[in-house]
Amino acid sequence: MRQSSVRRRGQLDRTEPDWLAEEVPVALVYNGISHVVMMASPKELDVFALGFSLSEGIIASPADIYGIDIVPAQQGLQVQIELSSRRFMALKAQRRALAGRTGCGVCGVEQLDDIGKPLPPLPFTQRWPLARLDRALDRLQEVQPIGRLTGCTHAAAWISPDGALCYGAEDVGRHVALDKLLGMRARRGGSPGAVLVSSRASYEMVQKAAMCGVEILFAVSAATSLAVEVAERCGMTLVGFSKPGRAMVFTHPTRIIEEVS
């Protein structure tokens with residue numbers, strides 16, 4: 001964070017200190033080749049790199065990454081990722097020009113045929129008591145220390161079926177926050193639960209979560225039509241407008257339990 005001076009409405013004749021969330025260009029560099037530049041908060045970039053690599057299908061497991069180094073660059077930061085030879089060869093074969101992408105699931109795709117690729121079907125391993133969602137919502141800001149001071153970050157959290165907030169991440173970019181969470185989950189190992197995001201659910205949010213085997217995605221805001229279509233096809237339970245006492249289940253409602261006995 002950085003401190004700044006601001007003037008408030010009704011008090012424009014004087015300044016007072018305030019905090020700003022940092023936003024910097026972050027380049028993900030695989031085996032010496034820059035693959036993508038994202039605007040992100042400059043923290044937890046190792047788990048961001050891991051989560052992005054998983055959610056984009058660049059790697060199949062954390063073991064495909066041999067090392068991650070974060071180094072300053074002239075205009076921002078570089079995350080230098082050492083991939084296994086097999087995964088790097090596959091990446092070069094399908095590499096897309098993604099420089100400048102800021103989270104749109106279509107920006108940088110070279111061909112229209114690259115949009116909407118099939119996702120592996122998700123398993124059906126759990127039921128989620130909707131009545132316990134409020135507990136997790138009440139604690140979502142706990143993973144947003146920067147957001148509490150600046151009002152400028154999105155959050156993504158892993159929540160258990162009893163409503164506990166297990167862990168989470170924040171970032172100025174909602175897609176980056178989700179990638180950070182997916183990287184954390186990969187390191188901690190799988191456990192029953194769901195993803196809760198503080199933003200809307202877009203096509204790419206659903207796709208990223210599905211690529212990492214997430215069965216249930218709760219979004220505080222709305223879901224786009226394409227997000228609903230993708231969730232329906234891959235078997236994800238997508239829930240929007242997740243707020244205290246309220247939720248809208250868009251797809252695969254059989255994973256959701258209305259009441260807790």
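Leaving aside neighbours within four places in sequence, Asp-179 is in contact (heavy atoms within 4.5 Å) with Val-47, Phe-48, Gly-51, Phe-52, Ser-55 and Lys-208. Asp-179 has its place in helix 5 (residues 174-188); helices are DSSP runs of H or I with at least four residues, numbered from the N terminus. Asp-179 counts as buried because its relative accessibility is 0%, where buried means under 20% relative accessible area, exposed over 50%, and partly exposed in between, with a 1.4 Å probe and protein chains only.

The model is predicted: local features need pLDDT of at least 70, side-chain atom pairs count only at pLDDT 80 or more, and totals for chains, interfaces and linings use all residues. Residues are numbered from 1 along each chain as its sequence is written, and side-chain values use heavy atoms, leaving out hydrogens and water.

Rings of Phe, Tyr and Trp (its six-membered ring) pair if their centres lie within 6.5 Å; planes under 30 degrees apart count as stacked, over 60 as edge-to-face and the rest as tilted. By this rule there are 2 aromatic pairs. Phe-48 and Phe-52 form an edge-to-face pair, with 6.1 Å from centre to centre and 65° between the planes.

Elsewhere, Leu-149 is found in helix 4 (residues 145-150). Leu-149 counts as partly exposed because its relative accessibility is 46%.

Conventions: Helices (H or I, at least four residues) and strands (E, at least two) are DSSP runs, numbered from the N terminus.
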